[in-house]
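Let's take a walk through a protein together, starting with the whole and ending with a single residue. Have a look at the picture before reading on.

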Amino acid sequence: MTARRSNAALRLFIAVLFPLALTACDKPAQPIEQALVVDADEWPGWGRTGSEAHYSPLDAIDTGNVGKLGLAWHFDLEPGYSASTPLMAEGKVFLTTGHSHIRALDAVTGKQIWEYDGGTRERATSALQMSWGNKGIAYDGGRVFLVTTDGYVISLDAKTGREIWKTYDYPDASPRNSNGAPRVFGGKVIVGFGGADISPARGFVSAYDARTGKLAWRFYTAPGDPVTPGNERAEAVMRKTWPGGWTNPDGTRRGGGGTAWNAFSYDPDLKLVYIGVGNGFPYNQSKRSPGGGDNLFLASIVAVDVNTGAYKWHYQVCPGEQWDCTATTDMTLATLRIDGRDRKVLMQAPKNGFFYVIDRATGAFISAEKIAKVTWADRIDGRTGRPVENPGIRYAGKPGLFELWPGPTGAHSWMPQAYSPLTGLVYLPVIEQGALIGDGQKGGGEITAGMGVTLIPEVELPGSHKSFLRAWNPVTQSLAWEVELPGNWPGGVMASAGGLVFQGQIDGRFVARDAGTGKPLWSFKTESPIVGAPITYRAGGRQYVTVITGSGGNGAGINSPGNAAFRTDYHLPRRVLTFALDGKDTIAPFAMPELAPPPDPDFAPDLARAQAGAVLFGTRACLVCHGWNAVGGGAAPDLRYSPMITDAATFRQVVKEGALKMNGMPPFPAFTDAELETMRFYLRARAKAAPAEHKALLEKASADRASNAKPQDFAGKWNVVIQTPVGPQEAVMDLKVTGNVVTGRVSADQGTVEVAGGVRDGRAKFEGKASMPMPITVKYDVTVRNGKLSGENANGPFGSFPLTGTRL
């Protein structure tokens, strides 16, 4: 860091001594690098330092006194994206919310000093440019740096918020957006962008001079033209791995991607910037690169020179990626004692379910093991560092769908991991979620047109919809401890020298755990979910912990049903919460009104029309913000409870004409009026089904305990109602029970399914095969209470739906 150079020597001296003081009695598990503990009082970047460890050497708050932690101050925020990580420098907490809205707050009192609006909502010309908002900002040398979601890189005076320089990062009109945190490494502002899920645009990373804003270099992550002098070696490496080429006969791009939208690290001694590169487009490699090949630098970690952007080395986590595999998660730098010697390493848990340890000077593979369920590969070959793929994952030209673990949300998404040299453990927010993927079928099944695959990311599979905090030993590649978390969207993690790990949860709790054991030592009810990572800093000799509340960023609603049991409402209060020992601040109790769909007495069910609306809702990207099956995940309002859906004129003004653009809802002018009405009909159907779904969800949670029902209680004919995303569906269930064995059939307008299963612990579980139009398995998990049937129907890949029944 370049700020306050007159104090640099003192800070460096303190930083070097600090870990020694902490560990005079307890030797740290792994060597402590100087870069990991410098500037102990501040948190000036996304991961605090270029090591991206999300670790602080402060220890005034520790395992012995964390129970005395209290709220020191809070700051109320407006509705909008707030799944972000704040910064602290110069005695100020800096944060970004919404669309590049920046604030500076006094670090001790929480009083606002200045604010700045990046102007995205006024300028944005597409939904992608508006996106959901920024995940973070950067500080260096008395300046705050941001990159807006529509591509402007901006430098602000940290004292006043005054704009110092501003430049535009995008060289052409290809669809792009920027929502990751910029970094400042070696005097360069490092920025990337996203968009590889919707177009074959060529990925790149830009570096700007932090003082002047002048472009210093641009590193391309997929082959093409132009080829800059600093990119010549990288281009030569990439091109030979695309043997089928990346362009169509007319010269337009057929394949590309490789966007680096989130993860960057920095080694100041090696002067290397590490870039985490994303997926390719189309997903289907046979369409992107018909000749096959590894398709570098997709799904890779790439090291480049900080001054020139020149390529140094790469390591690819998914060669020839075609599963939305990305290496865009945090890359943590550390020194590990491996086989009796110190190794300077880079550690990453990318989306693909493995945890990697790589030599950060050379890119040489050291080790990798699974941190979650993985079906796409058996292992990583210790000699080559390449995955040993499982049969069938190369789905091009093959019928059916492949069960993919992890699914497209990844075993680890963008939420930060943390590393503590004191314990030697990496703390991982892990998702267990499967998906179905296969070759593109007629009608696509494509959330994004042109991706060349049928992808169903929200699937009911055993073990899905779970999340964990897992403490991982990177030397032994083994699990030290784990804690199952509520929901399936875990918050980012922060570790401290006080022997603590802090993490927010989707159920609205902020928790401190013992870093060595995972035991919870303290928690605070925040009223709202937490996704962004916390930070800790010292001001006026006192240590503080700060976190921002608010749900979002979960792709951004693809896996919302996994959190449906928790209130993640867009309108829940969003706050900056800052804690200190013996803090005395309080927040007023808050109770969200009961969920109630708007009155809609004129609605008449129409299954075919509702299904057509569901297709529009899915393929026009509405679900990305408003949730799978219109179950809101907190990134945007839950439309099942919005009065807007009952009025055609209002719905048109908002969706097609952009009446709420300044609130973050972009216009979608491509909708025809007929399509708008069809989609509105689907949302009205979802609103009608919502109360029964919510009631069944709560009942299921309480019914998961063992039931007293006996096998013969299930026998006979039942009228059942299944609350599907397109409205309630009626069926007749005719069951026979012999001993504990259940057989029978379930008949509905769509057809009849023969089922078989058994009864155990008061619950009947049975299943059968159907075709809708692909072959699927239909499962039932039900119990009987007071003569009534209740439970759920898992309808193949389409989700699990509440079920109730009465005897015929």
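How many helices and how many strands are there in the protein? In this predicted model, the protein has 48 strands and ten helices. Its radius of gyration is 26 Å, close to the 28 Å that the globule rule gives for 808 residues, so the protein is as compact as a globular protein of that length.

Of the 808 residues, 61% count as buried, which here means under 20% relative accessible area. The accessible surface comes to about 29,500 Å², and carbon and sulfur atoms make up 54% of that surface. As for charge, you can find 83 positive and 77 negative side chains, with the centres of the two sets 2 Å apart.

Next, how does the chain meet itself? Take the contacts between residues at least 6 apart in sequence: 59% of them join residues at least 24 apart.

Let's step inside. In soluble globular proteins, nonpolar side chains tend to be buried together. Here, the largest nonpolar core holds 35 residues, and those touching the most other members are Y274, W313, Y315, V317, W323, Y356 and W376. Strand β23, residues 354-359, gives this core its largest share, three residues.

Finally, zoom in on Y315. Leaving aside residues up to four places away in sequence, Y315 touches S300, I301, Y356, I358, G363, F365, I380 and G385.

Key:
Residues numbered from 1 in each chain as written. Predicted model: local features only at pLDDT ≥ 70, side-chain atom pairs only at ≥ 80, totals over all residues. Heavy atoms only, no water. Helix = DSSP H or I, 4+ residues; strand = E, 2+ residues; numbered from the N terminus. Rg over C-alpha atoms; globule rule 2.2 N^0.38 Å. Buried < 20%, exposed > 50% of the residue type's maximum accessible area, 1.4 Å probe, protein only. Contact = heavy atoms within 4.5 Å. Areas by Shrake-Rupley, 256 points an atom, 1.4 Å probe, with all protein chains shown as cover. Lys, Arg positive; Asp, Glu negative; His and termini not counted. Charge placed at Lys NZ, Arg CZ, Asp CG, Glu CD. Core = buried A, V, L, I, M, F, W, Y, C linked by side-chain atoms within 4.5 Å.
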